[in-house]
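Welcome! Let's take a friendly tour of a protein chain, starting with its overall build and ending with a pair of rings.

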Amino acid sequence: MKALKSIGLGLLASALALGGAVAQEKTVKIATEGAYAPWNFTGAGGKLEGFEIDLANDLCARMKVKCEIVAQDWDGIIPALNAKKYDAIMAG
């Protein structure tokens, strides 16, 4: 009985370790409007910039996931989230 318990705990620990490895490879897709400076705006090179972009990148770094930030028109931002086109919204 003790051996069975040890094997079960070992399998649980392995599953948790593998789950952590998978989380590190995950990409989190975040939408923003890209038209509300200084919070989120499109810079000179066409790249999204601003406080919310910096905050999203910092949060993704802390979670150890890849962060993909996309621009979305304000009128369609909630419907696109409901359609699962991205994982979150960061738009003031």
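The protein chain has 3 helices and 6 strands. Keep in mind as you look around that this is a predicted model. Here is what to look for, topic by topic.

**Order of the elements**
- If you start at the N terminus and walk along the protein chain, the elements come in the order α-β-β-β-β-α-β-α-β.

**Contacts and surface**
- Take the contacts in the protein chain between residues at least 6 apart in sequence: 54% of them join residues at least 24 apart.
- Of the 92 residues in the protein chain, 22% are buried.
- The protein chain has an accessible surface of about 6,600 Å², and carbon and sulfur atoms account for 61% of that surface.

**The aromatic pair**
- How many aromatic pairs does a search of the whole structure find? The search turns up 1.
- The partners are Trp39 and Phe51, whose ring centres are 5.6 Å apart.
- Their planes meet at 80°, so the pair is edge-to-face; planes over 60 degrees apart count that way.

**How accessible the two partners are**
- Trp39 has a relative accessibility of 38%, so Trp39 counts as partly exposed.
- Phe51 has a relative accessible area of 47%, so Phe51 is partly exposed too.
- The reason is that partly exposed covers the range between buried, under 20%, and exposed, over 50%.

How values were computed
Residues are numbered from 1 along each chain as its sequence is written. This is a predicted model: local features need pLDDT of at least 70, side-chain atom pairs count only at pLDDT 80 or more; totals for chains, interfaces and linings use all residues. Side-chain values use heavy atoms; hydrogens and water are left out. Rings of Phe, Tyr and Trp (its six-membered ring) pair if their centres lie within 6.5 Å; planes under 30 degrees apart count as stacked, over 60 as edge-to-face and the rest as tilted. Buried means under 20% relative accessible area, exposed over 50%, partly exposed in between (1.4 Å probe, protein chains only). Helices (H or I, at least four residues) and strands (E, at least two) are DSSP runs, numbered from the N terminus. Contact means heavy atoms within 4.5 Å. Accessible areas come from the Shrake-Rupley method with a 1.4 Å probe; for residues, only the protein chains shown count as cover.
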